[in-house]
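Biologist: Before we discuss any details, could you put the sequence and the coordinates up, so that we can go through the fold together?

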Amino acid sequence: MEALYPISQKDSRGSYRLKMTTFETPSLKPLLKSGFVLAPGIYDSLSGLIACQAGAKTVYLSGASIAYTRFGRSDIGLVSVSEVQDTLAAITDRVSVPVIVDADTGFGNALNVQRCVRGFERVGAAAIQLEDQSFPKRCGHLDGKTLVPKSEMVGKIKAALDARRNTDTLIIARTDARAVEGLDSALERGEAYCDAGADVLFIEAPQSREEMQILTKHFSGRIPLLANMVEGGKTPISAAQDLADLGYSLAIFPGGAVRAISYHLQAYYSGLLTHGSNEAFANRMHDFNGLNDVIETEALLALGKKYKS
């Protein structure tokens, strides 16, 4: 996919400048080949931009975080395919690193999966994650999940592979079997999804370091494994180097940004309503000019002058 997009790049002084460039979906493959990949979770263009300015080489668009921030609701399958696609399109228009997108269950059967993959790929997804939960799905670290048959998920993976137009678009297969049927079932499903042609395997919510070691040893050298780090979730939190040492290739921290910003919003709003101003919070927030620096307003206005008659 190619088009002209304004993107931000650092100049020789380390400042960001907007320039027009030919956009082609950045690939996650070279990053996975070169070493361990850490993907911070984002939920919109602003969070994606700030993650990239902080040095992120790839980002993860979390379906849960869309539910949290767009609707103020839990991750229980309320977000639609078009809402994720619209959010993804806005993000890839603003950042120039690979974006991994959470596609939940593919929003239906194998034909829905194909529509989802085509749409997400069209707006710049570098990798698309599909899971084997049945509807209504829920966060991988919530109890009460149910699964579709293994054969149905294998069909969805094959449908996704057939639908993609570019083999650089990676298909990530996630199984939630550990919490529903146990670790042996998760390994069995992982085998089937690997055999179906998935590019990356995501076995959700192992409950101990020992279980994580079993998973990485079982699939070592066969398929990249993704680890999901959820603060307060079922899997022990580990740093990137530790996960790499365990044998993982990729880690996502999907909802940490939302947990951080919601914590600060509670303090911000309660302070404003208590004191009647933001003066007490001033050292913990950008002022007007500070935010304009973050979103590169000056560079955008300069670009606009280029097109004045």
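Biologist: Which residue in β5 is the bridge partner of Val59?

Modeller: This is a predicted model, and I read the pairing from it. Strand β4 (residues 59–61) and β5 are paired in the parallel sense, with three bridges between them. Within that pairing, the partner of Val59 in β5 is Val99.

Biologist: What overall arrangement do the strands β3 to β10 form?

Modeller: Strands of a sheet pair through backbone hydrogen bonds, and the sense may be parallel or antiparallel. Here the order is β3-β4-β5-β6-β7-β8-β9-β10, and the pairing is parallel. Neighbouring strands of this sheet are turned against each other by 25 degrees on average, direction ignored. Taken together, the eight strands make a closed barrel.

Biologist: Which residue of β6 is bridged to Ile100?

Modeller: β5 and β6 are joined in the parallel sense by three bridges. On β5, Ile100 lies on one side together with Asp102, while Val99 and Val101 lie on the other, and these four residues are all buried. The bridge partner of Ile100 in β6 is Ala127.

Biologist: What is the bridge partner of Ile172 in β8?

Modeller: On one flank, strand β6 (residues 127–131) pairs with β7 in the parallel sense over five bridges, and there Ala127 is partnered with Leu170. β7 also pairs in the parallel sense with strand β8 (residues 200–203), over four bridges. In β8, the partner of Ile172 is Val200.

Biologist: Which residue in β10 is the bridge partner of Leu226?

Modeller: Strand β9 (residues 225–228) and strand β10 (residues 250–253) run parallel and are joined by three bridges. The partner of Leu226 in β10 is Leu250.

Biologist: Which element supplies the largest share of the lining of the largest pocket?

Modeller: The largest pocket holds about 790 Å³ of space. It is lined by 22 residues, of which Leu46, Ile50, Ile261, Arg284 and His286 are the closest to its centre. By class the lining has 15 nonpolar, four polar and three charged residues. β3 (37–42), α2 (45–53), α11 (256–275) and α12 (288–294) each supply at least two residues, and the largest share, six residues, comes from α11.

Biologist: Where does Asp104 lie, and what is its phi?

Modeller: Most residues other than glycine have a negative phi. Asp104 is placed in the loop between β5 (99–102) and α5 (110–122), and with a relative accessibility of 5% this residue counts as buried. Its phi is positive, near 50 degrees.

Biologist: Is Glu296 buried or exposed, and what is its phi?

Modeller: Glu296 sits in the loop between α12 and α13 (297–305). Its relative accessibility is 5%, so Glu296 counts as buried. The phi of Glu296 is again a positive value in a residue other than glycine, near 65 degrees.

Biologist: How many disulfides does the structure hold?

Modeller: A disulfide is a covalent bond between the sulfur atoms of two cysteines. Among the cysteines, Cys52 is buried with a relative accessible area of 17%, and Cys116 is buried with a relative accessible area of 0%. As for disulfides, the number that the structure holds is zero.

How values were computed: Residues are numbered from 1 along each chain as its sequence is written. This is a predicted model: local features need pLDDT of at least 70, side-chain atom pairs count only at pLDDT 80 or more; totals for chains, interfaces and linings use all residues. Side-chain values use heavy atoms; hydrogens and water are left out. A disulfide is a pair of cysteine sulfur atoms within 2.5 Å. Buried means under 20% relative accessible area, exposed over 50%, partly exposed in between (1.4 Å probe, protein chains only). On a 1 Å grid over the protein atoms alone, a cavity is a set of points where a 1.4 Å probe fits but cannot get out, and a pocket is an open set with protein on both sides within 12 Å along at least five of seven lines; lining residues have an atom within 4 Å of a point. Grid points are joined across faces, edges and corners, and a volume is the space filled by probe spheres set on the points. Ala, Val, Leu, Ile, Met, Phe, Trp, Tyr, Cys and Pro count as nonpolar, Asp, Glu, Lys and Arg as charged, and the others, Gly among them, as polar. Two strands pair if DSSP finds at least two bridges between them. Axes are lines fitted to C-alpha atoms, for helices over the stretch in contact, and angles run from 0 to 180 degrees between N-to-C directions.
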